[in-house]
Amino acid sequence: MNAFEILLTASFWAAAIRIASPLIFATLGELICERAGVLNLGIEGIMVAGAFSGWFTVYLGFDLWAGVAVAGLTGVVYGLLHGLLTVPLGLSQHVTGIGVTLLATSLTYYIYRIALPEVTSPPKIEAFQPWSVPGLSDIPVIGEAFFTQTPFTYLAFVMVAVVGWLLYRTPLGLAVRVAGENPDALEAKGISVTVVRMGAVAVGSGLMAIGGAFLTMSAFDSFFFEMVNGRGWVCIALVVFGSWRPGKALLGAVLFAAFDAYQVRLQGIVEAIPYQVFLMLPYILSIVALIVVARRASYPKALMVPYRKGER
């Protein structure tokens, strides 16, 4: 099989969709935060915390969906912490976000060692299994690639539609967008900018944590600390690539995942080039795409601008 034929195989696209799924959740979460005017650099640590809390819930004997719910609640807690420090207190969103990442990662490591002190290798759980969509899964190539995934993956794509509908078809979504564009106008309508921003950061952080939980409960069946591996930072770039729109962010996540799946397969074909070059490929291409798109991107005008009622 040559390099071009890889792109025509169902297994390649199935892998790309699977790799994209956690990125979709986390990118949507970051997008909601930024639409409300808050940059959340805690995303990397929140994904780690979500990956652990979801996995550990199932390890203790609870249902898989209970693990998803616990992961989401874990993200909400960290989101409220980040929101409290950056919205009403007006602290630096950059510094606070990095602090949340360090706190979430370190606390997760501590809890893991306390809960499982004698474990030398990560315990396994019964993760989500692929579910074939009747009728659609029988379509050649497309069926195997897109309609033979786990329920967790289907949920990721459903969330794109849900977030898009909420942001652009509901009064709540309008309030979130105005909070990131013109918070004075929102306050003039009698709606608290603080409440809207705090809520957006909490919900967005919950989605980030669910993205982390995907890694331990769908992509893999155990937890290890290196599994997030910079995906959070990639999602921040994907928000910019997607121009703060859910549909475009979905496209960016799938493209990055396709690059990632492609480089893995290229390693088995082109042996003369060191594998590190292929590992860099999706990140290099993402940076190039980001540079091209970012020059035309229209970001929320009040992004990273603290709001204090009555101040001009």
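In what follows, Lys and Arg count as positive and Asp and Glu as negative, while His and the chain ends are left out of the tally. On that basis, the protein carries 18 positive and 17 negative side chains, and the centres of the two sets are 14 Å apart. The structure described here is a predicted model.

The protein is made up of 13 helices and two strands. Its radius of gyration is 20 Å, close to the 20 Å that the globule rule gives for 312 residues, so the protein is as compact as a globular protein of that length. Along the principal axes, the C-alpha atoms fill a box of roughly 65 × 50 × 40 Å. Among contacts with a separation of 6 or more, 76% are made by residues 24 or more positions apart.

The structure holds 22 aromatic pairs. In one of them, the rings of tryptophan 55 and tyrosine 112 have centres 6.3 Å apart and planes at 35°, so the pair is tilted. Tryptophan 55 belongs to helix α3 (residues 43-59) and tyrosine 112 to helix α5 (residues 93-115), so this pair ties together parts that are 57 residues apart in sequence. Tryptophan 55 and tyrosine 112 are both buried. Tyrosine 112 also forms a tilted aromatic pair with phenylalanine 223, with 5.8 Å from centre to centre and 50° between the planes. Here the partner, phenylalanine 223, sits in the loop between α10 (193-219) and α11 (231-241), whereas tyrosine 112 is in helix α5, so the pair ties together parts that are 111 residues apart in sequence. Like tyrosine 112, phenylalanine 223 is buried. These rings belong to a cluster in which ring pairs link Phe52, Trp55, Phe56, Tyr59, Tyr109, Tyr112, Phe223 and Phe225.

Helix α5 has another residue to look at, glutamine 93. With a relative accessibility of 5%, below the 20% limit, glutamine 93 counts as buried. Beyond its neighbours within four places in sequence, glutamine 93 is in contact with Gly37, Val38, Leu39, His82, Thr86, Met304 and Val305.

In helix α8 (residues 171-181), the buried residues are Gly173, Ala175, Val176, Arg177, Ala179 and Gly180. These buried residues pack against α2 (10-35), α7 (151-169), α9 (183-188) and α10. In α11, the buried residues include Gly232, Val234, Cys235, Ile236, Leu238, Val239 and Phe241. Just after α11 comes serine 243, which takes a positive phi of about 55°.

Positive phi values turn up in loops as well. Asparagine 229, although not a glycine, has a positive phi of about 50°. Asparagine 229 is located in the loop between α10 and α11, and at 55% relative accessibility it counts as exposed. Valine 141 is another residue other than glycine with a positive phi, near 65°. Valine 141 lies in the loop between β1 (131-132) and α6, and its relative accessibility of 42% makes it partly exposed.

Helix α6 (residues 142-146) contains glutamate 144. Glutamate 144 is partly exposed, with a relative accessible area of 46%. The C-alpha atoms of glutamate 144 and alanine 14 are separated by 6.9 Å, although the two residues are 130 residues apart along the chain. Leaving aside neighbours within four places in sequence, glutamate 144 is in contact with Ala10, Ser11, Ala14, Ser137 and Ile139.

Isoleucine 284, in helix α13 (residues 275-294), is likewise partly exposed, with a relative accessible area of 42%. From C-alpha to C-alpha, isoleucine 284 and valine 58 are 37 Å apart in space, and they are 226 residues apart in sequence.

Methods:
Residues are numbered from 1 along each chain as its sequence is written. This is a predicted model: local features need pLDDT of at least 70, side-chain atom pairs count only at pLDDT 80 or more; totals for chains, interfaces and linings use all residues. Side-chain values use heavy atoms; hydrogens and water are left out. Helices (H or I, at least four residues) and strands (E, at least two) are DSSP runs, numbered from the N terminus. The radius of gyration is taken over C-alpha atoms; the globule rule is 2.2 Å times the number of residues to the power 0.38. Contact means heavy atoms within 4.5 Å. The place of a charge is taken as NZ of Lys, CZ of Arg, CG of Asp or CD of Glu. Rings of Phe, Tyr and Trp (its six-membered ring) pair if their centres lie within 6.5 Å; planes under 30 degrees apart count as stacked, over 60 as edge-to-face and the rest as tilted. Buried means under 20% relative accessible area, exposed over 50%, partly exposed in between (1.4 Å probe, protein chains only).
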